[in-house]
Amino acid sequence: MTHTEATRPHTHDHTAHMDWTALLPLLEGGAQLRTPMYRQALTWLTELLPMGAVRRVLDVGSGPGVVSALLAEAFPYAEVVAVDATPELLERARARGVTTLLADLPGDLHRLGEADLVWAGESLHHLGDQAAALSGLAGLLRPGGLLALVEGGLPTRRLPRDLGFGRPDLEARLDAAAAEWFAEMRAALPGSRQAAEDWRALLTAAGLAPSGTRSFLLDIPAPVPQAVRDHVVAEFTRRNESLDDRLAEDDRAALDRLTDPDDPESLHHRPDLHLLTARTVHTARRAT
């Protein structure tokens, strides 16, 4: 299992195998852009779990460690461990000064050790049996410890509904194509089990007491900084490659225009480009 810090809905390959090393720039860039949103979420966690009470934090499916470093800032007295199955991603986490642990879940769950806080940021859905994985993560918590699960939120929007060419609502159709791929990816995972994603119920079934759910917004209006534009161009270029056979011909043509740097209506030049998204954090506590 590895972290999926790239913007949700994900830009996926056509199989359940993900080339996380190739995705590193997207994962890292997306997480860096969302840093203000993550800081808000972690401030909330310090209200639920006083920083002085936290000695060890696990960032499960950490990817390149952007959030791991933020966890270290939010909980300065704790050892923060970035856990991931991809060595190249953990190398980036180490460059951020974070302790790392190479582990492939769920098989290596027993190697993670105890923690006062477990952060699982959009990584649980890469495990076939999400309920069993939650129970395993819950078992790592010390008494009074907190599990913070980032799953769900709102689809990301970067463009107006009508681009001025092609059919309106292109991003909605891209979301639908990505959701179709996502369902196939989940079905192909080892031990895959379909279950209603009622996270409060699943956390309760894992033996934890739900302690609140909140959503956090990232709103970068037009005109965007160049870093945002560059990331959106990279995202859509990836989508143009990975979702091509799932899109209608006119939508493929629209994506070609959007990713063409010589087209004045492309993402490279549009003045109406923006970034609006939200992530939901579900928390639950182990009994003292």
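Predicted model: local features only at pLDDT ≥ 70, side-chain atom pairs only at ≥ 80, totals over all residues.
Strand S4, which covers residues 115-121, has seven of its seven residues buried, so the strand is largely enclosed by the rest of the structure. S4 pairs in the parallel sense with strand S1, residues 56-60, over three bridges, and within this pairing Asp-59 has Trp-119 of S4 as its bridge partner. S4 also runs parallel to strand S5, residues 141-157, to which six bridges join it; here Val-118 stands opposite Leu-147 of S5. The two pairings of S4 are set out below.

| Partner of S4 | Residues | Sense | Bridges | A residue pair |
|---|---|---|---|---|
| S1 | 56-60 | parallel | three | Asp-59 and Trp-119 |
| S5 | 141-157 | parallel | six | Val-118 and Leu-147 |

Together with helix H5, residues 130-138, strands S4 and S5 form a β-α-β unit that is right-handed.

When neighbours within four places in sequence are left aside, the residues in contact with Leu-102 are Asp-84, Ala-85, Thr-86, Pro-87, Leu-90 and Arg-111. Leu-112 lies ten residues from Leu-102 along the chain, and the C-alpha atoms of these two residues are 9.5 Å apart.

How values were computed
Residues numbered from 1 in each chain as written. Heavy atoms only, no water. Buried < 20%, exposed > 50% of the residue type's maximum accessible area, 1.4 Å probe, protein only. Helix = DSSP H or I, 4+ residues; strand = E, 2+ residues; numbered from the N terminus. Pairing = 2+ DSSP bridges. Right-handed = clockwise from strand over helix to strand, strands pointing away. Contact = heavy atoms within 4.5 Å.
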